[in-house]
Amino acid sequence: MFILQENPIDLTKARSSSLNPNNGALVSFEGIVRNDEHQNTKVTALLYIADAPLCLEEGNKIVKEALSRFNINDIICIQRTGKLNVGETAIWIGVWAPHRDEAFKACRYMIEEVKERLHIWKKEFLNDGLSLWAYGTQSPVIQ
């Protein structure tokens, strides 16, 4: 399941999303907004904007791919949109599987494909009051 949401991710709820008794492993990835530096200025917040229909469609394709490629029972990816402050969770991925190796592989696959294929744009807010768009694989030139 792939989810886009503006509200904070409930990590306890996310971790308990799978009740499959055949799960022997849960591997998760949590992407957190960090106090990064951009040209000697600290990032104080990020704004994520997504093309929701395309992201939901492509995100769920990636989930289906992971389920078919790896020996896993369940996978969930929750991507935040909107403005997030330093320390907030921007993305959470959980993979449940009988064994850890496949869960690790599927989790890595999910984050790499999300970063590569989803139309999500990120604007950095800096502590000097300026803001700028961070350019990634799917980022357009936005002024």
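Figure 1. The structure holds 0 disulfides, a disulfide being a pair of cysteine sulfur atoms within 2.5 Å. This is a predicted model, in which local features need pLDDT of at least 70 and side-chain atom pairs count only at pLDDT 80 or more, while totals for chains, interfaces and linings use all residues. Residues are numbered from 1 along each chain as its sequence is written, and side-chain values use heavy atoms, with hydrogens and water left out. A disulfide is a covalent bond between the sulfur atoms of two cysteines. Buried means under 20% relative accessible area, exposed means over 50%, and partly exposed lies in between (1.4 Å probe, protein chains only).

**Figure 2. Helix 3 and its cover.** Helix 3 spans residues 100-117 and has 18 residues. Helices (H or I, at least four residues) and strands (E, at least two) are DSSP runs, numbered from the N terminus. From first C-alpha to last, helix 3 reaches 26 Å, close to the 26 Å expected at 1.5 Å a residue; the expected span is 1.5 Å times one less than the number of residues. Its buried residues are Glu102, Ala103, Ala106, Cys107, Tyr109, Met110, Ile111, Val114 and Arg117. An α-helix has 3.6 residues a turn, so residues three or four places apart point the same way. The cover over the buried residues of helix 3 includes strand 1 (2-5), strand 2 (25-32), helix 2 (52-69), strand 5 (74-80) and strand 7 (89-97).

**Figure 3. The nonpolar cores.** The largest nonpolar core has 32 residues, of which Phe2, Ile72, Ile93, Val95, Met110 and Val114 touch the most other members. Two or more residues each come from strand 1, strand 2, strand 4 (41-50), helix 2, strand 5, strand 7, helix 3 and strand 8. Helix 3 gives the most to this core, with 7 residues. A second, separate core of 7 residues includes Ile9, Leu11, Ile76 and Trp96. A nonpolar core is a set of buried Ala, Val, Leu, Ile, Met, Phe, Trp, Tyr and Cys residues joined through side-chain atoms within 4.5 Å. Not counting residues up to four places away in sequence, isoleucine 93 touches Val27, Ser28, Phe29, Ile76, Cys77, Cys107, Met110 and Ile111; contact means heavy atoms within 4.5 Å.

Figure 4. Strand 4 and strand 8 run antiparallel and are joined by 7 bridges. Two strands pair if DSSP finds at least two bridges between them. Isoleucine 49 has tryptophan 121 of strand 8 as its bridge partner. Strand 8 (residues 120-126) also pairs with strand 9 (residues 131-134), in the antiparallel sense over 4 bridges. In that pairing, lysine 123 is partnered by tryptophan 133, and lysine 122 stands opposite alanine 134. The hairpin of strand 8 and strand 9 has 4 residues between the strands, and glycine 129 takes a positive phi near 95° there.

**Figure 5. Threonine 89 in strand 7.** Threonine 89 is found in strand 7 and is buried at 10% relative accessibility. Its side chain meets that of glutamate 30 in a polar contact of 2.5 Å. A polar contact is a pair of N or O atoms within 3.5 Å; within protein, one must be able to donate a hydrogen and the other to accept it, and residues adjacent in sequence count only if both atoms are side-chain atoms. Beyond its neighbours within four places in sequence, threonine 89 is in contact with Ile9, Leu11, Glu30, Gly31, Ile32, Arg80 and Leu84.

**Figure 6. Glutamine 5 in strand 1.** Glutamine 5 lies in strand 1 and is buried, with a relative accessible area of 18%. A polar atom of its side chain lies 3.3 Å from the backbone oxygen of proline 8. Glutamine 5 and glutamine 79 are 74 residues apart along the chain, yet their C-alpha atoms are separated by 6.4 Å. Leaving aside neighbours within four places in sequence, the contacts of glutamine 5 are Ile78, Gln79, Arg80 and Thr81.
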